[in-house]
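Me: Hi! I have a model open and would like to talk it through with you. Can we start with the ground rules and then look around?

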Amino acid sequence: MRTITGKELDKAILKSQGRTWDGMPIPKLKVTDLRKEAIDLLKEKAIRRGRLTEEETRVDDTILMDNLHLIDEEGYLIRAAMLAFYKDPEKWVTGSYIKIGYFGDSDADLRYQDEVHGSLIEQVDKTIDLVYTKYLKALIFYDGIQRVEQFMFHQDAFREILLNAVVHKDYSSCNPIQISVYEDKMYIWNDGEMPSELDSTDKLFMKHSSKPYNPNLAGIFFKSGMIEAWGRGFDKIREACAKYNAPLPEYNMSTSGIMVLCKACDKYLDILRDNGHHDQTGYDVVMKILDFCKEARSISEIMEKFGFDSRTSFRRKYLNTLVKEGRLKMTLPDKPKSKNQKYYS
């Protein structure tokens, strides 16, 4: 016997009734209130992965929701349907979005940030695209004459970790999923919990059964083909990390949530050191170059300012592109190779 209150009490009551938080009804929500584009995205993904047939998707949306067990015995949509398909789930559940930030030299040095809102099934793809275009731009190396892009962390592994965060998050806590990106690592945090027997990174990557915190929400993502059953997601993380010869992510499970540490692979760190500068993303470097060139600067001045050693590499990676895009202009456009040439933004 012990005293329990608040969230733990609510969970215990639901469990005694054979229910879960994401399976509770929302009487005021109708199928017609759901975002059509989000439902169509589910259908498209489910058909592509073979989780639903075209015939099964060619039904009225109400029938589809019922077939997916997202309508309760009283005819009401449940919370999982709202989270996955409603255009603004924050109207019903505060904090049902994803926050991303890029940090510099310390945890207090927040350089820039974004938030991803909308239906959860759309949030995942939007977040992955944003992280891998703005926050984790690839570093470049050459294998013979072949140009190769190297990210800090494999995208397939990140996708699985993000999907785990979405499915296992405790949405009643009202806190967003948070992704913190640094020069050589990345953290993904969610206010959720794993089954009590999975209390370490080693156990997570061993064979185990699948016990999602939000089973109804997990069912939606399974039907879409975005997640696997039977804990297969951790096998996919292991396989993706192996492709980069990278360390497995480290999981820290506590009462404050689940924190996942993703460290940069060795190849990425080697390229980063060879580049001779310490800004992780191309976006960050470009923004600093443009700011520095508000006053016309020579190529030598720019390289010295940002620690570039190779003129050829600097031209190929940054200068030529910025000039071509018109973001940097030449003071002597008719004499592009002049030793007196300078560049301004």
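Reply: One term to begin with: contact, or touching, means heavy atoms within 4.5 Å. This is a predicted model, where local features need pLDDT of at least 70, side-chain atom pairs count only at pLDDT 80 or more, and totals for chains, interfaces and linings use all residues. Residues are numbered from 1 along each chain as its sequence is written, and side-chain values use heavy atoms, with hydrogens and water left out.

Me: Great. Which residues does Gln-341 touch?

Reply: Not counting residues up to four places away in sequence, Gln-341 touches Ser-298, Met-330, Thr-331, Leu-332, Lys-335 and Pro-336.

Me: And what does the side chain of Gln-341 reach at 3.1 Å?

Reply: That is the backbone nitrogen of Thr-331. The side chain also reaches the backbone oxygen of Lys-335, at 2.9 Å. Polar contacts like these are pairs of N or O atoms within 3.5 Å; within protein, one must be able to donate a hydrogen and the other to accept it, and residues adjacent in sequence count only if both atoms are side-chain atoms.

Me: Is Gln-341 buried or exposed?

Reply: Gln-341 counts as buried because its relative accessibility is 5%. Buried means under 20% relative accessible area, exposed over 50%, and partly exposed in between (1.4 Å probe, protein chains only).

Me: Where is Gln-341 found?

Reply: In the loop between strand E9 (329-330) and strand E10 (343-344). Helices (H or I, at least four residues) and strands (E, at least two) are DSSP runs, numbered from the N terminus.

Me: New topic, the sheet. What is the order of its strands?

Reply: It is an open sheet of 6 strands, ordered E2-E1-E5-E6-E8-E7, with mixed pairing. Two strands pair if DSSP finds at least two bridges between them. E2 and strand E7 (250-254) stand at the edges with a single partner strand each, so one side of each has no neighbour in the sheet. From one strand to the next, the twist averages 15°.

Me: Which strands does H6 touch when it packs on the sheet?

Reply: H6 touches strand E1 (98-103), E2, E5 and E6, and its direction makes about 160° with that of E2. Helix H7 (residues 155-168) packs on the sheet too, touching E1, E5, E6, E7 and E8, at about 20° to the direction of E6. Axes here are lines fitted to C-alpha atoms, for helices over the stretch in contact, and angles run from 0 to 180 degrees between N-to-C directions.

Me: At what angle do H6 and H7 pack?

Reply: About 145°, with their axes 11 Å apart. Among the residues making the contact are Leu-120, Val-124 and Ile-128 of H6 and Phe-158, Leu-162 and Val-166 of H7.

Me: Back to the strands: how do E5 and E6 pair?

Reply: Strand E5 (residues 177-181) and strand E6 (residues 185-190) pair in the antiparallel sense over 4 bridges. A hairpin of 3 residues joins E5 to E6, and Ile-179 stands opposite Ile-188 in E6. E6 also pairs with strand E8 (residues 257-263), in the antiparallel sense over 6 bridges, where Tyr-187 is opposite Leu-261 in E8.

Me: Last one: where does Ser-119 lie?

Reply: In the loop between strand E2 (110-116) and helix H6 (120-135). Ser-119 counts as buried because its relative accessibility is 0%. Leaving aside neighbours within four places in sequence, the contacts of Ser-119 include Ala-38, Phe-85 and Pro-89.
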